[in-house]
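Biologist: I would like to learn how to read a model of this kind, one feature at a time. Could we go through it together, with the general idea before each case?

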Amino acid sequence: MTGSLMEILEFGVMEASAPCRIDLGGTLDISTFYYPLRHLSPCTFNIAINLRTSVKLMPLKKNVVRISSRGFESAEYPVDKAPFNHPLGLMFAVAAYFRAENVHIIIDSSSPPRSALGGSSSAAVALVAAFSNAFAKRGGDALAKDETAILAHALEESVAGVPCGLQDQLAAAYGGINTWRWQRECKEPLFNKETILPGVEHKSLKNNILLAYCGMPHESKNINSRWVEGFLSGNNRDLWAEIIECTDRFGSLFKNRKFNEAAEVMNRETAIRARMTPDVLDDMGKRLVNAAMENGCGARFTGAGGGGCVWALGEADKINRLGSIWSSILTTLKDACLLDFGIDSKGLEVIG
């Protein structure tokens with residue numbers, strides 16, 4: 001398989017890319033939560049954004065896997081000795097699954113490193129797809145989108161050391177604006193995709209959403225672990241029930257473009273999270289969320305918070321006003337800024 005991969009890539013490199021996401025109702029995509037809470041129909045809302053992560057597979061005449069990624073020091077190891085607890089460990093784990101050597105993996109992300117936009121998951125989805133499509137050239141079929149997302153999630157959870165949700169991989173694979181409903185019965189699929197708005201309507205939302213990078217990278221393991229530990233201990237079950245209610249209602253309001261009401265629900269969900277873990281918002285995040293609320297908009301951290309990004313939703317006139325206010329607030333911290341983005345309707349793309 002190793003030799004054939006190098007031969008395949010010598011005839012042309014394999015490339016794939018997948019989008020990041022903004023979200024509401026995360027954590028409910030972890031089986032620790034959605035199985036015990038299945039009677040409440042847990043769900044997660046997310047929007048794929050066109051800050052994409054791209055991977056490229058190139059032949060390497062050396063019996064190692066080499067990985068180069070912006071923001072990280074390049075590394076190379078034999079596939080059987082690659083450390084999965086390395087900063088690029090997830091990518092090495094994907095390569096190990098496919099028994100890939102003699103390959104140089106080049107990763108390029110248009111999102112800030114550790115921005116809580118699901119960049120590592122989108123990279124994993126793109127890399128799984130790139131390897132799958134490369135080996136399909138030897139015969140057989142490449143993995144479908146759902147298979148790609150599920151495999152990328154399984155590999156991420158296997159090396160993360162903490163339970164991981166599935167929403168990031170699904171947004172990366174499918175793109176668009178969706179509410180994901182999690183498995184309720186053992187014979188059901190792992191997820192059900194509910195499209196909130198079709199792709200033809202995505203551009204019209206440009207003036208209703210803001211996204212800001214708070215200037216500090218996030219560390220999701222700590223907050224996620226505390227949520228999981230608290231839930232396992234029997235704490236805050238009533239709050240998680242409220243989060244499910246908020247998420248379901250938010251998706252319905254968003255679908256009907258009732259952004260004022262959706263903003264109120266968004267702020268309620270953010271407040272519940274902050275009650276459980278006050279540091280889910282760093283100082284910059286708190287300033288941005290407070291400004292959004294004062295101006296009639298909703299705001300929430302992305303992913304598991306603790307730094308990274310905050311996004312806002314509201315009517316166009318309110319978002320326009322908030323954009324100027326956020327810009328002024330963000331100038332007080334180096335690297336903090338508004339991010340220019342659009343909604344990604346395509347999802348996973350493979351070239352090669």
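Biologist: Where does alanine 116 lie?

Modeller: Helices (DSSP runs of H or I, at least four residues) and strands (DSSP runs of E, at least two) are numbered from the N terminus, and alanine 116 falls in the loop that joins strand S5 (103-109) to helix H4 (119-136). This is a predicted model, in which local features need pLDDT of at least 70 and side-chain atom pairs count only at pLDDT 80 or more, while totals for chains, interfaces and linings use all residues. Residues are numbered from 1 along each chain as its sequence is written, and side-chain values use heavy atoms, with hydrogens and water left out.

Biologist: Is alanine 116 buried or exposed?

Modeller: Buried means under 20% relative accessible area, exposed means over 50%, and partly exposed is in between, with a 1.4 Å probe and protein chains only. Alanine 116 counts as buried because its relative accessibility is 6%. Its phi is positive, about 65°, although alanine 116 is not a glycine. Aspartate 335 also is not a glycine and has a positive phi, of about 75°; aspartate 335 is found in the loop between helix H11 (316-330) and strand S11 (337-338).

Biologist: Which residues is lysine 255 in contact with, leaving aside its neighbours within four places in sequence?

Modeller: Contact means heavy atoms within 4.5 Å, and with those neighbours set aside, lysine 255 is in contact with Glu194, Thr195, Ile196 and Leu197. Lysine 255 counts as partly exposed, because its relative accessibility is 40%.

Biologist: How many helices and strands does the chain have?

Modeller: The secondary structure comes to eleven helices and twelve strands. The radius of gyration, taken over C-alpha atoms, can be set against the globule rule, which is 2.2 Å times the number of residues to the power 0.38. For this chain the radius of gyration is 20 Å, close to the 20 Å that the rule gives for 352 residues, so the chain is as compact as a globular protein of that length. Of the 352 residues, 56% count as buried, and the C-alpha atoms fill a box of roughly 60 × 45 × 40 Å along the principal axes. Among contacts in the chain with a separation of 6 or more, 77% are between residues 24 or more positions apart.
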